[in-house]
Amino acid sequence: MSDSVVSPDLDETVRGWLDENWDPGLSVEDWWQKVGRAGWAAPHFSPEEGGRGMPRNADARVRSIFAEHGALRPPGGLGLLMAAPTILRHGTEDQIDRHVTPILEGRTNWCQLFSEPGAGSDLAGLSTRAERDGDRWIITGQKVWSSMAHESDYGMLLARTDPDQPKHGGISWFAFALDQPGVTVRPLREMTGEIMFNEVFFDGAICEDRDLIGGMNNGWAVTQSTLFFERTGIGAGGGHAGFPKPGPKGGALGRLAGDAAGDEPEDRYRIVAFPHLIELARRTGRHEDPIVRDKLARLWSFIQTGAWNARRAKAEARHGGGGAIGSISKIAQTRIVKLSVEIAMDLIGAEGLVAEGEEARFVDAFLFAPASSIYGGTDEIQRNICAERILGLPREERADKGLTFAESTRRQQSMRGARA
């Protein structure tokens, strides 16, 4: 199939499969196992990878048809968005068997263990260590802003395995099991009142050598794949934690699939879709206001342009690419999110301060919107990537150029000591 044209038979194929297989009396775990084994969790994966070899944009259509049919949608989450495609690209057959299949069947939930307090946007400046001990690794350090870590079974862990290499060269990528001694997950409550992000502390935690993905000290190259899948997913409007949450901690696997299908996604309050704004404009009597109409038209053009760019990014990913198109998609999505909540708050006005019920969803989305400039890599980082890789502008000067990570760290400590 082509990268962007969904077969006209897709709807009929999916509905036919649902007619034969949807059973609301199954548990969520049994239903998702059936869905995963049929290739509907990630229809854009090849049949050998557990999918159906369909175009990338078939995924959204498949999920819509499941919902229209009243069936519980396929499992989602960061495991499906980032871990599975990364492991498929860089992992061994054993790693793919042990990790990708459970993700496709919704049996495990994953988080990303990349950001650190001392590294900021300079991801390669991470200092969490992984030290070899026979056929295992000892992990020590700290991560932060780890989405859904408190409900995850595995983390995509970046750790430094050789401080005597340049900082981009001594990093490795691990599939890390979170439920073990030596791991502390501390949730961070947001100003929305909800918990999504976490701090994660490692104090002598263990990772088996067989879960080192992509080879020792090759983590930066593996990470580029993960980041590309993340940005592309966010740019396409994805990046959600999945609903219901996959894995045993979300509490959904033992429920009846029919009951779970009728629930409403918890994260809906963080999303302002275009139809929501049209409805709000009519409800507030502002739908004929030329200024409002102009903003809505601008937003619609952003959404369409973003969708086309997301298709380009996914087509590139299908052919093994991982370039800067994903960064464009991520920047575009940030712009869409912020303009959406700006329009919403303009329509609600001062009543937003005491909004309840349906209007409260827009206030929650407004409070969460600043995070869109940060998660998935800050907008500043994405613009740097576009400037260097698309426009060919000179790279930023680096004070640590030519130094190993250990040398760079010692220099920074020396400078801080001199200032003190």
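Biologist: Is R61 buried, exposed or partly exposed?

Modeller: The classes follow relative accessible area: buried is under 20%, exposed is over 50%, and partly exposed lies in between, with a 1.4 Å probe and protein chains only. R61 has 26% relative accessibility and therefore counts as partly exposed. Please note that this is a predicted model, in which local features need pLDDT of at least 70 and side-chain atom pairs count only at pLDDT 80 or more, while totals for chains, interfaces and linings use all residues. Residues are numbered from 1 along each chain as its sequence is written, and side-chain values use heavy atoms, with hydrogens and water left out.

Biologist: With which residue does the side chain of R61 meet in a salt bridge?

Modeller: In general, side chains of opposite charge can pair when their charged atoms come close. The rule requires a side-chain nitrogen of Lys or Arg within 4 Å of a carboxyl oxygen of Asp or Glu. R61 meets E68 in this way, at 3.4 Å from N to O. E68 also forms a salt bridge with R15, at 3.3 Å. This second pair links distant parts of the chain, 53 residues apart: R15 belongs to helix 1 (residues 10-21) and E68 to helix 3 (residues 58-69). Helices here are DSSP runs of H or I with at least four residues, strands are runs of E with at least two, and both are numbered from the N terminus. R15 is partly exposed, at 34% relative accessibility.

Biologist: How many salt bridges does the rule count?

Modeller: The count comes to 26. One of them joins R107 to E105, whose closest N and O atoms are 3.0 Å apart. Its two partners fall into separate classes: R107 is partly exposed at 33%, whereas E105 is buried at 4%. Elsewhere, salt bridges link R286, D289, K295, E342 and D346 into a network.

Biologist: What span does helix 10 reach, and what span is expected?

Modeller: The expected span is 1.5 Å times one less than the number of residues. Helix 10 (residues 325-348) has 24 residues and reaches 35 Å from its first C-alpha to its last, close to the expected 34 Å. Of these 24 residues, 18 are buried, which leaves the helix mostly covered. Just after helix 10, G349 adopts a positive phi of about 70°.

Biologist: Which residues other than glycine have a positive phi?

Modeller: Most residues other than glycine have a negative phi. Among the exceptions here are M148, with phi near 60°, and N217, with phi near 65°. M148 is found in the loop between strand 3 (136-144) and strand 4 (154-160), and counts as buried at 9% relative accessibility. N217 is placed in the loop between strand 8 (212-213) and helix 6 (219-235), and is likewise buried, at 17%.

Biologist: How many aromatic pairs are there?

Modeller: Rings of Phe, Tyr and Trp (its six-membered ring) pair if their centres lie within 6.5 Å; planes under 30 degrees apart count as stacked, over 60 as edge-to-face, and the rest as tilted. The count comes to eleven. In one of them, the rings of W31 and F66 have centres 6.2 Å apart and planes at 50°, so the pair is tilted. W31 lies in helix 2 (residues 28-37) and F66 in helix 3, so the pair ties together parts 35 residues apart in sequence. W31 is buried, with a relative accessible area of 0%, and F66 is buried with 0%. Ring pairs also join W17, W22, W31, W40 and F66 into a cluster.

Biologist: Where does the charged end of R52 sit?

Modeller: A charge sits over a ring if NZ of Lys or CZ of Arg is within 6 Å of the ring centre and within 35 degrees of the ring normal. The charged end of R52 sits over the ring of W40, 3.8 Å from its centre. A further case is R160, whose charged end lies over the ring of F405, 3.6 Å from the centre.
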